[in-house]
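Work through the exercises below with the structure open. Try each task before reading its solution.

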Amino acid sequence: MDEHNSAHTGAAEPRGTPLYAGKSKKVFAADDPDRVRVVFTDAVTAGDGAKREEFPGKGELAARTSALLFRALAAKGIRTHFLRELAPVEHLVRRVRIIPLEVVVRFLATGSLSRRLGIPEGQPLPFPLVELYYKSDELGDPLLTEDHVALLGLASPEVVRYLKDEARRAAEALREIFAAVDLVLVDVKFEFGETSDGEIVLADELSPDSMRIWTKEGERLDKDRFRRDLGDLLEGYAFVYRRLAERFPEFASP
Ligand SMILES: Nc1ncnc2c1ncn2[C@@H]1O[C@H](COP(=O)(O)OP(=O)(O)OP(=O)(O)O)[C@@H](O)[C@H]1O
Ligand SMILES: [Mg+2]
């Protein structure tokens, strides 16, 4: 029953040792071995952890936004790891083996794409660009070609095809959701994982930590506020959550 304790006590974190403590979330075992509990922390990092700060309340905003967007994507037929919220900062999810690829979908140029290829910041791309990065902090999450993925044995060509198609589908769905609240989805990073019965599902999180969201006027509402010192981080995150929750109450937290 321990998966319910933190919800009852309102404790910020479940008891026990995390299976994994990352830069912004911690993963704990659940009673059911096919499930884990993801706890969102207030830590924000950039540049592979080079820049780090605590923002009290960030974990809750990221968790709520993530839950809302996972529910919204599920309603559009995307298979995800999300099951339900156990506490304001805690999700019960299907346990997966994370595929060590970050699948990025971009609609507008910014960040490393603008830097590497000289595409002006904010320029709309002629088609949704899907990129694969190696999920490896030691190597600094390098960009991979599909041959690199095969060389490293990270995923079969069939799985890569599926990940790219599914990421494009999920990103298009998110773009529509944000457009419905007059916000612009610029790009998004997805992680996928494989369940014990071999199903590939969208995992990890969906929050302004892992996607860029702009107002129509180009104001940044996401982690770039922290990366580039563009204003109060929590204000941006809270604005995004409020907009979504008002427009999509059926997917918001109770
Ligand atoms: N359903 C799931 N089952 C198992 N692990 C998951 C699941 N969803 C997400 N994870 C993993 O949980 C961890 C969450 O922690 P966090 O995102 O803070 O890590 P991180 O510091 O970004 O490091 P990493 O490079 O491992 O993502 C990640 O490693 C993520 O891949
Ligand atoms: Mg992560």
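This is a predicted model: local features need pLDDT of at least 70, side-chain atom pairs count only at pLDDT 80 or more; totals for chains, interfaces and linings use all residues.

**Exercise 1.** Find which residues come nearest to ligand 1, and describe the shell around ligand 1 by residue class.

Solution. 
1. The residues around ligand 1 number 18, and the nearest are Tyr20, Lys23, Lys25, Lys135 and Glu191.
2. By class, the shell holds eight charged, seven nonpolar and three polar residues.

**Exercise 2.** Identify atoms of Lys25, His81 and Arg94 that lie by ligand 1, then state how much of the ligand's area the protein buries.

Solution. 
1. Lys25 places a polar side-chain atom 2.6 Å from an oxygen atom of ligand 1.
2. His81 has a polar side-chain atom 2.8 Å from a nitrogen atom of the ligand.
3. For Arg94, a backbone N or O atom lies 2.8 Å from a nitrogen atom of ligand 1.
4. Ligand 1 taken alone exposes 590 Å², of which the protein buries 88%.
5. Strands E2 (25–29) and E7 (90–94) are the elements that each give two or more residues to the shell.

**Exercise 3.** Why does ligand 1 lie between domain 1 and domain 2?

Solution. Domain 1 (2–94) and domain 2 (97–232) both give residues to the shell, so ligand 1 lies between them.

**Exercise 4.** Is strand E9 mostly covered or uncovered, and which strands pair with it?

Solution. 
1. In E9 (residues 101–108), eight of eight residues are buried, that is, under 20% relative accessible area.
2. Seven bridges link E9 with strand E10 (residues 124–134) in the antiparallel sense; Leu101 has Tyr134 of E10 as its bridge partner.
3. E9 also runs antiparallel to strand E12 (residues 183–194), joined by four bridges; Asp187 of E12 stands opposite Arg106.

Terms used:
Residues are numbered from 1 along each chain as its sequence is written. Chains are lettered from A and ligands numbered from 1 in the order in which they are written. Side-chain values use heavy atoms; hydrogens and water are left out. A residue is near a molecule or strand if one of its heavy atoms lies within 4 Å of it. A polar contact is a pair of N or O atoms within 3.5 Å; within protein, one must be able to donate a hydrogen and the other to accept it, and residues adjacent in sequence count only if both atoms are side-chain atoms. Accessible areas come from the Shrake-Rupley method with a 1.4 Å probe; for residues, only the protein chains shown count as cover. Ala, Val, Leu, Ile, Met, Phe, Trp, Tyr, Cys and Pro count as nonpolar, Asp, Glu, Lys and Arg as charged, and the others, Gly among them, as polar. Domain bounds come from an automatic or database domain assignment. Buried means under 20% relative accessible area, exposed over 50%, partly exposed in between (1.4 Å probe, protein chains only). Two strands pair if DSSP finds at least two bridges between them.
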